[in-house]
Amino acid sequence: MPGAKNLKDFVKVMVASAKPEYRGKIQDVNRLWEQRKIPNYRTAYNAILDLASYKKNVLQKAEKTHKELMDKYEEKPSIT
């Protein structure tokens, strides 16, 4: 497991090895981590690792995790 400082290198490798439809999602999680919206390094690491998988059941779990992370940490537009 890479350290928090090496997450950028880890993300580059995971994006290159992931299926094309999941590359954007990996970058979404990385963006939230870089903006410090995801406070725990391990949460971002596990989400990225799952999104880069090729196993169908792991990818289903990763889709759910990605949606939960986006709902929880991504900024919502102001209504007012």
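This is a predicted model: local features need pLDDT of at least 70, side-chain atom pairs count only at pLDDT 80 or more; totals for chains, interfaces and linings use all residues.

Me: How many helices and how many strands does the chain have?
Reply: Start at the N terminus and read off the elements: they go α-α-α-α. The chain has four helices and zero strands.

Me: Among contacts between residues at least 6 apart in sequence, what share joins residues at least 24 apart?
Reply: Here a contact means heavy atoms within 4.5 Å. Looking at contacts between residues at least 6 apart in sequence, the share that joins residues at least 24 apart is 59%.

Me: Are α1 and α2 roughly parallel or roughly antiparallel to each other?
Reply: Helix α1 covers residues 7-17 and helix α2 covers residues 20-34, and their axes come within 9 Å. The axes cross at roughly 170°. Angles over 145 degrees count as roughly antiparallel. Therefore α1 and α2 are roughly antiparallel.

Me: Which residues of α2 does α1 meet, and how many residues of each class are in that contact?
Reply: On the α1 side you'll find L7, K8, V11, M14, V15 and A16, and they meet R23, I26, Q27, N30, W33 and E34 in α2. Sorted by class, the contact of α1 with α2 has three charged, two polar and seven nonpolar residues.

Me: Is L7 buried or exposed?
Reply: L7 sits in helix α1. Leaving out residues up to four places away in sequence, L7 touches N30, W33 and Y41. Its relative accessible area is 2%, and buried means under 20%, so L7 is buried.

Me: How far apart in space are L7 and Y41, C-alpha to C-alpha?
Reply: Along the sequence, L7 and Y41 are 34 residues apart. In space, C-alpha to C-alpha, the distance between L7 and Y41 is 8.8 Å.

Me: Which residues do ring pairs link into a cluster?
Reply: The count of aromatic pairs comes to three, with rings pairing if their centres lie within 6.5 Å. The cluster linked by ring pairs is made of F10, W33, Y41 and Y45.

Me: Which ring does the charged end of R36 sit over?
Reply: R36 is in the loop between α2 and α3. The charged end of R36 is 4.9 Å from the centre of the ring in question. That ring belongs to W33.

Me: Is R36 buried or exposed?
Reply: The phi of R36 is near 60°, a positive value in a residue other than glycine. For accessibility, the figure for R36 is 57%. Exposed means over 50%, so R36 counts as exposed.

Me: Which residues does H66 touch, not counting residues up to four places away in sequence?
Reply: H66 lies in helix α4, which covers residues 56-73. At 10% relative accessibility, H66 counts as buried. With residues up to four places away set aside, H66 touches K25, D28, V29 and L51.

Me: Is L59 buried or exposed?
Reply: L59 has its place in helix α4. Apart from its neighbours within four places in sequence, L59 is in contact with K19, Y22, D50, L51, S53 and Y54. At 5% relative accessibility, L59 counts as buried.

Me: Where is D50 found?
Reply: D50 has a relative accessible area of 16%, and it is buried. Not counting residues up to four places away in sequence, D50 touches V58, L59, K61 and A62. D50 itself is found in helix α3.

Me: What separates the C-alpha atoms of Q60 and D50?
Reply: Q60 is found in helix α4, and Q60 is exposed, with a relative accessible area of 51%. Q60 and D50 are ten residues apart along the chain. Their C-alpha atoms are separated by 9.2 Å.

Me: And how far apart in space are E75 and L32, C-alpha to C-alpha?
Reply: E75 is in the segment after α4. With a relative accessible area of 61%, E75 is exposed. E75 and L32 are 43 residues apart in sequence. In space, C-alpha to C-alpha, their distance is 10.0 Å.

Note on methods:
Residues are numbered from 1 along each chain as its sequence is written. Side-chain values use heavy atoms; hydrogens and water are left out. Axes are lines fitted to C-alpha atoms, for helices over the stretch in contact, and angles run from 0 to 180 degrees between N-to-C directions. Helices (H or I, at least four residues) and strands (E, at least two) are DSSP runs, numbered from the N terminus. Angles under 35 degrees count as roughly parallel, over 145 as roughly antiparallel, 65 to 115 as roughly perpendicular and the rest as oblique. Ala, Val, Leu, Ile, Met, Phe, Trp, Tyr, Cys and Pro count as nonpolar, Asp, Glu, Lys and Arg as charged, and the others, Gly among them, as polar. Buried means under 20% relative accessible area, exposed over 50%, partly exposed in between (1.4 Å probe, protein chains only). Rings of Phe, Tyr and Trp (its six-membered ring) pair if their centres lie within 6.5 Å; planes under 30 degrees apart count as stacked, over 60 as edge-to-face and the rest as tilted. A charge sits over a ring if NZ of Lys or CZ of Arg is within 6 Å of the ring centre and within 35 degrees of the ring normal.
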